[in-house]
Amino acid sequence: MVVLIAGLMIAVAVPVIMPQFRDRKIREATRQLSAMVAAAKAKALERDRPCGIWLERDSERFNNNRCSQIFLAEVPPPYSGDFLDATARLTSGANQYIIKFTNAQALVGSKSNNMIPYLAKVGDRLWIRFSFREQLYSCVFQANQNQGDDQYLQATLLITDSSMTLPVLDREMPFQVYFPPRKSSTTPLDLPTGIAVDLSRSGIGALGVDFDGWNAPNSFGPVPPDAAAIAVMFAPSGQVAQIYTRGTMVNPMGDVFLLAGQADVIPPLNPAGEPTNPSLVSPSYPGNLQDNSSLWISVGHRTGRVVTAENIWNPT
């Protein structure tokens with residue numbers, strides 16, 4: 001009889017206690033993430049260059065809209081060449097502009113000497129500034145090229161805005177190459193078991209879903225693996241400097257919003273091996289946006305201030 005009564009009491013208590021445990025884990029996750037942001041801002045101030053947080057998509061767990069592991073992110077110093085006379089020259093190619101570098105072997109190494117370390121690999125998307133001017137241009141590095149006795153590095157300049165003013169063609173110019181953030185080798189933050197940042201509902205601004213893993217750049221489909229990670233970078237002053245998402249650099253025009261909730265309700269992969277598009281999910285889908293136990297983490301883009309707020313779902 002005693003065992004029966006104890007069993008009935010447990011059966012009644014478990015449904016009441018379990019939501020409290022889950023809510024406590026979500027709050028602990030937001031507390032840990034807030035501490036991670038504070039550490040990133042402190043490191044940016046210490047090193048006098050951008051540092052931030054790196055949101056790793058759980059691609060190995062077959063859901064690239066789920067983030068349960070967060071790293072610190074660092075930006076390498078700008079690169080201006082191996083020698084003082086290093087230059088870059090912009091030429092016009094077939095339907096594209098080509099950048100040719102001299103005395104810049106450290107960028108992608110040397111074809112003749114594999115022992116030379118490199119700062120970027122072929123295919124990386126970087127940013128370049130010519131002649132110390134303000135305008136930054138996006139470029140993709142190609143393999144080393146040979147032209148007679150002249151060996152040079154080559155990159156393709158990406159024109160993302162038709163109104164962008166190009167530098168003078170066929171002129172040797174000093175340059176500065178800026179690298180995307182890189183995941184720190186320090187121990188990452190692992191969110192409590194069963195809790196994750198829901199990237200399908202996270203983004204920039206109150207209605208932003210910029211971090212959604214479904215919409216790849218300029219197309220409708222999953223984000224490619226090489227553009228999967230998200231980095232929110234802080235300037236030494238504490239404000240959000242840049243946001244790297246989908247392989248591009250975005251200047252923040254609003255606060256950053258991250259939704260923390262249950263990992264197992266984030267839209268999963270469909271049988272075709274692609275994530276279910278959240279915009280096609282029924283409003284009644286029991287996702288984190290419909291769960292009032294979820295919590296929002298907002299990062300002010302002007303101040304870097306972190307605020308945690310309740311999620312209030314009102315279907316009407």
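What you see is a predicted model, in which local features need pLDDT of at least 70 and side-chain atom pairs count only at pLDDT 80 or more, while totals for chains, interfaces and linings use all residues. Residues are numbered from 1 along each chain as its sequence is written, and side-chain values use heavy atoms, with hydrogens and water left out.

Phe-101 is likewise buried, because its relative accessibility is 1%. A search of the whole structure finds five aromatic pairs, meaning rings of Phe, Tyr and Trp (its six-membered ring) whose centres lie within 6.5 Å, with planes under 30 degrees apart counted as stacked, over 60 as edge-to-face and the rest as tilted. The rings of Phe-101 and Phe-175 are 5.1 Å apart at their centres with planes at 75°, so this pair is edge-to-face. Since Phe-101 belongs to strand S5 (residues 96-102) and Phe-175 to strand S11 (residues 175-178), the pair ties together parts that are 74 residues apart in sequence; helices (H or I, at least four residues) and strands (E, at least two) are DSSP runs, numbered from the N terminus. Ring pairs also link Tyr-79 with Phe-101 and Phe-175 into a cluster.

Let me turn to strand S18. Six of the seven residues of S18 (residues 256-262) are buried, so the strand is largely enclosed by the rest of the structure. S18 runs antiparallel to strand S14 (residues 195-204), joined by six bridges, and pairs in the antiparallel sense with strand S19 (residues 295-299) over five bridges, pairing being called if DSSP finds at least two bridges between two strands. Ala-196 stands opposite Gly-261 in S18, while Phe-257 stands opposite Ser-298 in S19.

Which residues of the largest nonpolar core touch the most other members? Of its 29 residues, they are Leu-33, Ile-53, Leu-55, Ile-70, Phe-211 and Leu-258, a core being a set of buried Ala, Val, Leu, Ile, Met, Phe, Trp, Tyr and Cys residues joined through side-chain atoms within 4.5 Å. Helix H1 (2-47) and S18 are among the elements that each supply at least two residues of this core, and H1 gives the largest share, six residues. A second, separate core of 23 residues includes Leu-126, Ile-128, Leu-157 and Phe-179.

Technical notes: Buried < 20%, exposed > 50% of the residue type's maximum accessible area, 1.4 Å probe, protein only.
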